[in-house]
Amino acid sequence: MKRLFLALGFVATPAVALDSVGTVTAYLDGADRRWEVLRMDDGAAMVQVNDIGPLTLIDINAMGDGHFHINLIFEGEPSADTAPAGITIDIRPEGVTGPGWQSDGAPHPPKLMLERLDLDDSGRMEAKFVASLCRSDAPTTCKFVEGWIDTDLGMP
């Protein structure tokens, strides 16, 4: 009965168009992974860029082989020549509710090498990342991961 109710809930929900505005790829735990950064038909994207005084925060979420999230903190004006002051990465191959691989608590901080960071117009980021990520359910189990981000930033 519960499954029928859930199925009917999905049918009754209006369809939302999702367009890909970018991709994230990585090799983690013996597998190539790929995620899409999406924009809904109302223009909202899975990317946020917030200018908070002396800091700029860039938050990217992507869906595909589970869930990917990266948060970047820049001091001053962000550019491809400026390394982020803070980086956190969270990869959840089973989705947001499953165990994940995270940079918080890992033995080495993640690094981001920006090829392009453009905050004009809709904005664009192209960057390579490398990180040691540890499992959320087994914090002493850590793996090295490297990947690539290529996405619009969804700015108005």
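This is a predicted model: local features need pLDDT of at least 70, side-chain atom pairs count only at pLDDT 80 or more; totals for chains, interfaces and linings use all residues.
User: OK, what is the mean pLDDT, and where is it below 50?

Analyst: The mean pLDDT (the predictor's confidence in each residue, from 0 to 100) is 85, and 87% of the residues reach 70 or more. Over residues 1–15 the pLDDT is below 50, and this stretch has zero contacts in the model beyond near neighbours in sequence, where contact means heavy atoms within 4.5 Å.

User: How many helices and strands are there, and in what order do they run?

Analyst: The protein has one helix and ten strands, and from the N terminus on the elements run α-β-β-β-β-β-β-β-β-β-β. Both kinds of element are DSSP runs numbered from the N terminus, helices being H or I with at least four residues and strands being E with at least two.

User: And what share of the residues is buried?

Analyst: Of the 156 residues, 37% count as buried, where buried means under 20% relative accessible area, exposed means over 50%, and partly exposed lies in between (1.4 Å probe, protein chains only). Among contacts between residues at least 6 apart in sequence, 46% join residues at least 24 apart.

User: Switching to rings, how many aromatic pairs are there?

Analyst: There are two aromatic pairs in the structure. The rule is that rings of Phe, Tyr and Trp (its six-membered ring) pair if their centres lie within 6.5 Å, with planes under 30 degrees apart counted as stacked, over 60 as edge-to-face and the rest as tilted. Trp-35 and Phe-68 form a tilted pair, 5.2 Å centre to centre with 35° between the planes. Because Trp-35 lies in strand 2 (residues 31–40) and Phe-68 in strand 5 (residues 66–75), this pair ties together parts that are 33 residues apart in sequence.

User: Which residues make the other pair?

Analyst: Phe-68 and Phe-129 form a pair that is also tilted, at 5.6 Å centre to centre and 40° between the planes. This pair links distant parts of the chain, with Phe-68 in strand 5 and Phe-129 in strand 9 (residues 124–135), 61 residues apart.

User: What sits opposite Phe-68 in strand 4?

Analyst: Ala-62 stands opposite Phe-68 in strand 5, and Ala-62 has its place in strand 4 (residues 55–64). With a relative accessible area of 0%, Ala-62 is buried. Leaving aside neighbours within four places in sequence, Ala-62 is in contact with several residues, including Val-24, Met-46, His-67 and Trp-35. The C-alpha atoms of Ala-62 and Trp-35 are separated by 5.3 Å, although the two residues are 27 apart along the chain.

User: Which strands does strand 4 pair with?

Analyst: Taking two strands as paired if DSSP finds at least two bridges between them, strand 4 is joined to strand 5 by ten bridges, and the two run antiparallel, with a hairpin connecting them through one residue. Strand 3 (residues 47–52) pairs with strand 4 in the antiparallel sense over six bridges, and in their hairpin, which has two residues between the strands, Gly-53 takes a positive phi near 60°. Strand 2 and strand 4 also pair in the antiparallel sense, over two bridges, and Trp-35 has Gly-64 as its bridge partner in strand 4.

User: Last topic: which cysteines form a disulfide?

Analyst: Cys-134 and Cys-142 form a disulfide with their sulfur atoms 2.0 Å apart, the rule being a pair of cysteine sulfur atoms within 2.5 Å. The torsion about their S-S bond is about 95°, so the disulfide is right-handed. Cys-134 is buried, with a relative accessible area of 3%, whereas Cys-142 is partly exposed, with a relative accessible area of 29%.

Terms used:
Residues are numbered from 1 along each chain as its sequence is written. Side-chain values use heavy atoms; hydrogens and water are left out.
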